Amino acid sequence: CLPVWILTVSCGFLFKITMGTLVVSLGQTLGVCAAFLVAKTLAGKTVAKKLTSRPKFEAIDKAISSEGFKIVLLTRLSFLFPYNILNYIYGLTKVKFTDYALGSWLGMLPATIMYVYCGAALNELTEVKQGVNTGPVGKVFLYIGLFTAIIVSVIIARIANNAIKKAKV
């Protein structure tokens with residue numbers, strides 16, 4: 001019931017950058033794949049029959065089936081699309097599971113790294129406040145890394161949003 005970013009930041013705080021990224025990335029990917037498979041197996045046939053008569057859904061389904069990996073990747077990189085809704089929508093399309101899983105994993109990775117880094121940075125700040133000396137060089141790298149992670153994630157999201165707008169999907 002919590003927003004995903006809270007759990008991701010917490011994971012970074014607890015496990016640091018590398019282990020936190022691995023744990024969150026694995027958990028996110030398994031979660032979105034499970035939702036995809038639920039939609040594909042449980043609701044897929046019933047809902048798909050109702051949607052296939054709609055021209056817009058047919059056009060989207062056709063685009064996703066031919067460019068599945070790229071579309072999944074771009075929508076995961078963008079902050080405009082809520083992940084939980086996308087999981088089920090993609091489950092109703094003809095996108096290949098491998099394209100979906102790989103596109104989802106790679107597309108979620110930049111934001112995951114950014115949020116995990118924020119959690120790890122909070123941990124570092126907590127240690128500094130408690131008197132653990134990381135030195136001035138460590139503090140500079142901490143702030144530069146945090147700033148870079150945020151800027152890169154914003155730039156990637158903008159690129160993905162622009163690509164989606166151009167594709168008109």
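I count helices (H or I, at least four residues) and strands (E, at least two) as DSSP runs, numbered from the N terminus. Phe-57 then falls in helix α2, residues 55-66.

**Ground rules.** I am reading a predicted model, where local features need pLDDT of at least 70, side-chain atom pairs count only at pLDDT 80 or more, and totals for chains, interfaces and linings use all residues. Residues are numbered from 1 along each chain as its sequence is written, and side-chain values use heavy atoms, with hydrogens and water left out.

**Overall build.** I looked up the secondary structure first. The protein chain has six helices and zero strands. Along the sequence the pattern reads α-α-α-α-α-α.

I then looked up burial (buried is under 20% relative accessible area, exposed over 50%, partly exposed in between; 1.4 Å probe, protein chains only). Of the 169 residues in the protein chain, 36% are buried. The accessible surface is about 10,400 Å², by the Shrake-Rupley method with a 1.4 Å probe, and for residues only the protein chains shown count as cover. Carbon and sulfur atoms hold 72% of that surface.

Next came contacts (heavy atoms within 4.5 Å). I took those in the protein chain with a separation of 6 or more; 83% of them join residues 24 or more positions apart.

**Phe-57 again.** Is Phe-57 buried or exposed? Phe-57 is buried, with a relative accessible area of 11%. Its C-alpha atom is 8.8 Å from that of Thr-93, 36 residues apart along the chain.

**Helix α3.** I checked how covered this helix is. Helix α3 spans residues 68-77, and eight of its 10 residues are buried. The buried ones are Gly-68, Ile-71, Val-72, Leu-73, Leu-74, Thr-75, Arg-76 and Leu-77.

Arg-76 also turned up in the charge search. A charge sits over a ring if NZ of Lys or CZ of Arg is within 6 Å of the ring centre and within 35 degrees of the ring normal. The charged end of Arg-76 sits over the ring of Tyr-83, 5.0 Å from the centre.

I followed the chain into the loop between α3 and α4 (83-91), where Phe-79 is placed. Ser-78 is in that loop too, between α3 and α4. Ser-78 is buried, at 1% relative accessibility. Phe-79 is partly exposed, at 46%.

What does Ser-78 touch, leaving out residues up to four places away in sequence? I find Ala-157, Ala-160, Asn-161 and Ile-164. With the same exclusion, Phe-79 touches Ala-111, Ser-153, Ala-157 and Asn-161.

**Core.** I looked for nonpolar cores, meaning sets of buried Ala, Val, Leu, Ile, Met, Phe, Trp, Tyr and Cys residues joined through side-chain atoms within 4.5 Å. The largest has 12 residues: Val-32, Cys-33, Phe-36, Ile-64, Ile-71, Val-72, Leu-86, Tyr-90, Val-95, Tyr-100, Ala-101 and Met-108. Helices α1 (4-51), α3, α4 and α5 (97-129) each supply at least two residues of this core.

I picked out Val-95 for its contacts. Not counting residues up to four places away, Val-95 touches Phe-36, Lys-40, Ile-64, Gly-68, Val-72, Tyr-90 and Tyr-100.

**Rings.** I searched for aromatic pairs: rings of Phe, Tyr and Trp (its six-membered ring) with centres within 6.5 Å, stacked if the planes are under 30 degrees apart, edge-to-face if over 60, and tilted for the rest. The whole structure has four aromatic pairs. The Phe-36 and Phe-97 rings have centres 5.8 Å apart and planes at 45°, so this pair is tilted. Phe-36 is in helix α1 and Phe-97 in helix α5, so the pair ties together parts 61 residues apart in sequence.

Phe-36 is buried, at 1% relative accessible area. Phe-97 is partly exposed, at 37%. Ring pairs link Phe-36, Tyr-90, Phe-97 and Tyr-100 into a cluster.

**Cysteines.** How many disulfides does the structure hold? I find zero, taking a disulfide as a pair of cysteine sulfur atoms within 2.5 Å. Cys-11 is buried, at 9% relative accessible area. Cys-33 is buried as well, at 9%.

I noted Lys-16, which has a positive phi of about 70° although it is not a glycine. Lys-16 lies in helix α1. At 31% relative accessibility, Lys-16 is partly exposed.
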